[in-house]
Amino acid sequence: MPQLRVHNFCLSLDGFGAGPDQSREDPLGAGAERLHEWVFKTRTGLEMLGRPGGTTGLDDEFVARGFEGIGATVMGRNMFGPVRGPWSTDPQWSGWWGPNPPYHHPVFVLCHEPRPPLPMEGGTVFHFVTDGIEAALERALAAADGRDVRLGGGVSTIRQYLRAGLVDWLHLPIVPVLLGRGERLLDDGLTGYRTTSFAASDEVMHVVMERTAA
Ligand SMILES: NC(=O)c1ccc[n+]([C@@H]2O[C@H](COP(=O)([O-])OP(=O)(O)OC[C@H]3O[C@@H](n4cnc5c(N)ncnc54)[C@H](OP(=O)(O)O)[C@@H]3O)[C@@H](O)[C@H]2O)c1
């Protein structure tokens, strides 16, 4: 049965998945780029940027797993971009990733503002879903056609799916930095999940959790 999987959702030691004051210049929020530095030291992380080299081993394996067997992605609007309110304030906005985003499959963006689908180079099509998390997941599962769906983020989106018990598998890299401010993932606690593995590299602790109840 296809699963909803979270991969490489990086958290600071004090539990933040995004820094404060997200903006066009600082999409991750202040200081939060430190959560992702380890990704771009790996071979797969550099490959996403079209660059050669990078480390192999534990960190690279986790980054690579995030692409395996995935047929669609769901994300929140803030992860897609900095536009808030009506899209007409920036109708050209097409995501952070340039003309050829690294998804290469349908991506369902949760939002309250309707917008027609946005096809990109390389097979990515952004669909804008205004009728909630269940509808977005249903559409993503249909589009994935038997493969799994990846839940990309950000914080508020993953929190909603966790609260609804819809996430099957969750990989949280814990990065040994303190952000102090921002958006915490597990502020409401987390029930119905258990840790199935953890392993540390020199950079990060990889925690894997699975849902315990159907
Ligand atoms: N730590 C990591 O590994 C990681 C990974 C991915 C992203 N991030 C970061 O996370 C941050 C974004 O997270 P976030 O929590 O601010 O926002 P988000 O979850 O990306 O998006 C929230 C927005 O999505 C729309 N939305 C969410 N749920 C909805 C629903 N049920 N129905 C309709 N619309 C819905 C709303 O947009 P509107 O109401 O405006 O339409 C809402 O304001 C960014 O800084 C990003 O870089 C971190």
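The model is predicted. The protein contains 5 helices and 12 strands. Its C-alpha trace spans about 45 × 40 × 35 Å along the principal axes. The radius of gyration is 16 Å. A compact globule of 214 residues would have a value near 17 Å, so the protein agrees with that expectation. Of the 214 residues, 45% count as buried. The accessible surface amounts to about 10500 Å². Carbon and sulfur atoms account for 52% of that surface. Contacts across the sequence were also examined. Among contacts with a separation of 6 or more, 63% join residues 24 or more positions apart.

Helix H2 covers residues 58-65. Within H2, Asp 59, Asp 60, Phe 62 and Val 63 are buried. Viewed down the axis of H2, these buried residues fall within an arc of 160°, so they line one face of the helix. The packing partners of the buried residues of H2 are H1, S9 and S12. In helix H5, the buried residues are Val 155, Thr 157, Ile 158, Tyr 161 and Leu 162. They fall within an arc of 165° when seen down the axis of H5, so they too line one face of their helix.

The whole structure holds 8 salt bridges. One of them joins Arg 181 to Asp 21, with the closest N and O atoms 3.8 Å apart. Arg 181 lies in the loop between strand S9 (169-175) and strand S10 (183-184), and Asp 21 lies in the loop between strand S3 (16-18) and H1. The pair therefore ties together parts that are 160 residues apart in sequence. Both Arg 181 and Asp 21 are exposed.

A salt bridge also forms between Arg 24 and Asp 90, where the closest N and O atoms are 2.9 Å apart. This pair links distant parts of the chain, 66 residues apart. Arg 24 sits in the loop between S3 and H1. Asp 90 sits in the loop between helix H3 (77-80) and strand S5 (106-110). Arg 24 is partly exposed, with a relative accessible area of 42%. Asp 90 has a relative accessibility of 16%. Buried means under 20%, so Asp 90 counts as buried. Apart from neighbours within four places in sequence, Asp 90 is in contact with Arg 24 and Val 83.

Asp 168 and Arg 211 form a further salt bridge, with the closest N and O atoms 2.5 Å apart. This pair, too, links distant parts of the chain, at 43 residues apart. Asp 168 lies in the loop between helix H5 (155-163) and S9, while Arg 211 belongs to strand S12 (residues 205-211). Asp 168 is buried, at a relative accessible area of 15%. Arg 211 counts as partly exposed, at 27% relative accessibility. Salt bridges also link Arg 159, Arg 163 and Asp 188 in a network.

Phe 40, Met 48, Leu 49 and Phe 67 make a nonpolar surface patch of about 340 Å². Met 48 is located in helix H1 (residues 43-48). Its relative accessible area is 34%, and Met 48 is partly exposed. Patch residues must have over 30% relative accessible area, so Met 48 passes that cut-off.

Gly 53 is found in the loop between H1 and H2. Its relative accessibility is 43%, which means that Gly 53 counts as partly exposed. Not counting residues up to four places away in sequence, Gly 53 touches Thr 42, Arg 43 and Leu 46. Gly 53 was also compared with Val 207, 154 residues apart from it along the chain. Their C-alpha atoms are separated by 26 Å.

Notes: Residues are numbered from 1 along each chain as its sequence is written. This is a predicted model: local features need pLDDT of at least 70, side-chain atom pairs count only at pLDDT 80 or more; totals for chains, interfaces and linings use all residues. Side-chain values use heavy atoms; hydrogens and water are left out. Patches are made of residues with over 30% relative accessible area and no salt bridge: like charges are joined within 9 Å, nonpolar side chains (Val, Leu, Ile, Met, Phe, Trp, Tyr) within 5 Å. Accessible areas come from the Shrake-Rupley method with a 1.4 Å probe; for residues, only the protein chains shown count as cover. A salt bridge is a side-chain nitrogen of Lys or Arg within 4 Å of a carboxyl oxygen of Asp or Glu. Helices (H or I, at least four residues) and strands (E, at least two) are DSSP runs, numbered from the N terminus. Buried means under 20% relative accessible area, exposed over 50%, partly exposed in between (1.4 Å probe, protein chains only). Contact means heavy atoms within 4.5 Å. The radius of gyration is taken over C-alpha atoms; the globule rule is 2.2 Å times the number of residues to the power 0.38. The arc is that of the directions from the helix axis to the C-beta atoms.
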